[in-house]
Amino acid sequence: MATDFVGQAQALRERLIERRRDFHRHPELAFEEERTAGVVANTLTNLGLEVQTGIGKTGVVGILEGDQPGLTVLVRADMDALPVREDTGAAYSSEISGKMHACGHDGHTSIALGAAELLAPLRDQIRGRIKFVFQPAEEIGQGADAMVADGVMNDPAPDVTVGLHLWNSLPLGVVGMADGPIMAGALTFNITIRGRGGHAASPHQTIDPVVCAAQIVTALQTIVSRNADPFDSAVVSVTCIDAGEAYNVIPQAAELKGTVRYFRNEVRDLVTSRMRQIAENIALAMNCTAEVNLSPMTKPVVNNSAVRERLLPVFENILGADKIEAIRTMGAEDVGVFMTEVPGVYFFVGAKDETADSYYPHHHPRFTINEEALPLGLALLTSAIAEYVLP
Ligand SMILES: [Zn+2]
Ligand SMILES: [Zn+2]
């Protein structure tokens, strides 16, 4: 590769930080990213890209058309913040109470704009085109679907997808890029258990949904431990039990809520069919009824082997061979929507903040990143794109 994107990304360091801090001060929640989308659209327009706004409500698409024929690379960045009250004490803290960029999407938006800035002057050498996709509403798992519904995968249809997530549990200079599934598919569930309420002093005259719910919660734990293949990954977490409100009343019904995480659709199908069997049959045994409702959230994020193989030497060249790790998480991400339609790679860029007083995970009110990850992330992302569109 002729171009030194590491040096060019470093030269853009101040602007990357400035833009990231600007987004950080002005966080916007899912599908409300009006200001962010405006900044993105203006910046892309000024760089000479063809810009579409309002894709998936508040999403923005910028197309950088090369002068030579070739592939279309989809670059995905997410723009939304979280309903979290910031407690970092940073000089550039959120100016909007109760909203915070606590996942690093401010950095993702800044990095993707930086990539457009580095690549726009190379238009005459670019073979094909780059489709920059600035996505809303990642945190609620709906933005990618909304953009796909608005036609983001057409005209031009992408051939390959690349994207990154700043990752503050990984040190700076380390990248996570495993082969195959790297983030989980997710669904939520509600289980409604109906019995017959009555006086708590006369349980024999009632059908107690609380005892039934307790047995279902316990039995659900056996799906991962007894039904799923030990070499597969799955999570079944009951996160809410809702029943009754008095000391002396057995309620009519109990409700369980929770989430399921999986890497393979076969595992999802096994887990959900066992959930139904367990809930319905325990309820039957306890004279109750159980109704299981499942709501899909996100697809698994699966790195394509061929794309990963091709990018591995590019990244090793920048970072060194021992700096690329096989990171996987049962966390969910809707970038999988783009990556199931088109082969791609999603990678985690180490952004651990060594100056923080303690480690605070993503989504925590004191979440911070090491901003030196911005130029490094930019160098990696731009080099990945260049691998597909530059000679
Ligand atoms: Zn997040
Ligand atoms: Zn995120």
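Two residues are in contact if their C-beta atoms, placed from the backbone, lie within 7 Å. By that criterion, aspartate 87 is in contact with Pro365 and Arg366, once its neighbours within four places in sequence are left aside. The structure discussed here is a predicted model. Its protein chain is assigned two domains, domain 1 (5-183 + 300-389) and domain 2 (185-298).

**Domains**

- Domain 1 is made up of residues 5-183 + 300-389, and domain 2 of residues 185-298.
- The centres of the two domains, taken over C-alpha atoms, are separated by 37 Å.
- Where domain 1 and domain 2 meet, 8 residues of domain 1 are in contact with 10 residues of domain 2.
- On the domain 1 side of this contact, the residues divide by class into 4 nonpolar, 2 polar and 2 charged.

**Nonpolar cores**

- In soluble globular proteins, nonpolar side chains tend to be buried together.
- The largest nonpolar core in this model has 104 residues, and the members that touch the most others are Val75, Ala115, Ile216, Val349, Leu381 and Ile385.
- Helix 10 (residues 373-389) supplies the largest share of this core, with 12 residues.
- Both domains take part, as the core draws at least three residues from each of domain 1 and domain 2.
- Isoleucine 385 has contacts with Val73, Val75, Ala115, Leu119, Ile130 and Val162, leaving aside its neighbours within four places in sequence.
- Another core, of 6 residues, lies apart from the largest one and includes Ala81, Met100, Ala102 and Phe367.

**Helix 2 and helix 10**

- The axes of helix 2 (residues 13-25) and helix 10 come within 9 Å and cross at roughly 110°.
- Because angles of 65 to 115 degrees count as roughly perpendicular, helix 2 is described as roughly perpendicular to helix 10.
- Helix 2 contributes Arg13, Leu16, Ile17 and Arg20 to the contact, and helix 10 contributes Leu374, Pro375 and Leu378.
- Sorted by class, this contact has 5 nonpolar residues, no polar residues and 2 charged residues.

**Helix 3 and helix 4**

- Helix 3 (residues 34-46) packs with helix 4 at an angle of about 10°, and their axes are 10 Å apart.
- Since angles under 35 degrees count as roughly parallel, helix 3 and helix 4 are roughly parallel to each other.
- Thr36, Val40, Thr43 and Leu44 of helix 3 meet Thr109, Leu113 and Ala116 of helix 4.
- This contact has 4 nonpolar and 3 polar residues, with no charged residues.

**Aspartate 87**

- Aspartate 87 is placed in the loop between strand 3 (68-78) and helix 4 (105-119).
- Aspartate 87 counts as partly exposed because it has 15 C-beta neighbours inside 10 Å.
- From C-alpha to C-alpha, aspartate 87 and alanine 379 are 30 Å apart in space, and they are 292 residues apart in sequence.

**Alanine 253**

- Alanine 253 belongs to strand 12 (residues 253-262).
- With 19 C-beta neighbours inside 10 Å, alanine 253 is classed as partly exposed, because a residue must have 20 or more other C-beta atoms within 10 Å to be buried.
- Beyond its neighbours within four places in sequence, alanine 253 is in contact with Thr192, Ile193, Arg194, Gly195, Pro209 and Ala243.
- Alanine 253 and tyrosine 359 are 106 residues apart along the chain, and their C-alpha atoms are separated by 41 Å.

**Backbone features**

- The peptide bond from aspartate 155 to proline 156 is cis, and its omega is near -5°.
- Proline 156 is located in the loop between helix 5 (143-149) and strand 5 (160-167).
- Lysine 57, a residue other than glycine, has a positive phi near 70°.
- The loop between strand 1 (50-55) and strand 2 (59-65) holds lysine 57, which is partly exposed with 18 other C-beta atoms within 10 Å.
- Alanine 137 is not a glycine, yet its phi is positive, at about 55°.
- The loop between strand 4 (127-135) and helix 5 contains alanine 137, which is buried, with 25 other C-beta atoms within 10 Å.

Definitions and conventions:
Residues are numbered from 1 along each chain as its sequence is written. Chains are lettered from A and ligands numbered from 1 in the order in which they are written. This is a predicted model: local features need pLDDT of at least 70, side-chain atom pairs count only at pLDDT 80 or more; totals for chains, interfaces and linings use all residues. A nonpolar core is a set of buried Ala, Val, Leu, Ile, Met, Phe, Trp, Tyr and Cys residues joined through C-beta atoms within 7 Å. A residue is buried if 20 or more other C-beta atoms lie within 10 Å of its own, exposed if 12 or fewer, and partly exposed in between; C-beta atoms are placed from the backbone. Helices (H or I, at least four residues) and strands (E, at least two) are DSSP runs, numbered from the N terminus. Domain bounds come from an automatic or database domain assignment. Axes are lines fitted to C-alpha atoms, for helices over the stretch in contact, and angles run from 0 to 180 degrees between N-to-C directions. Angles under 35 degrees count as roughly parallel, over 145 as roughly antiparallel, 65 to 115 as roughly perpendicular and the rest as oblique. Ala, Val, Leu, Ile, Met, Phe, Trp, Tyr, Cys and Pro count as nonpolar, Asp, Glu, Lys and Arg as charged, and the others, Gly among them, as polar.
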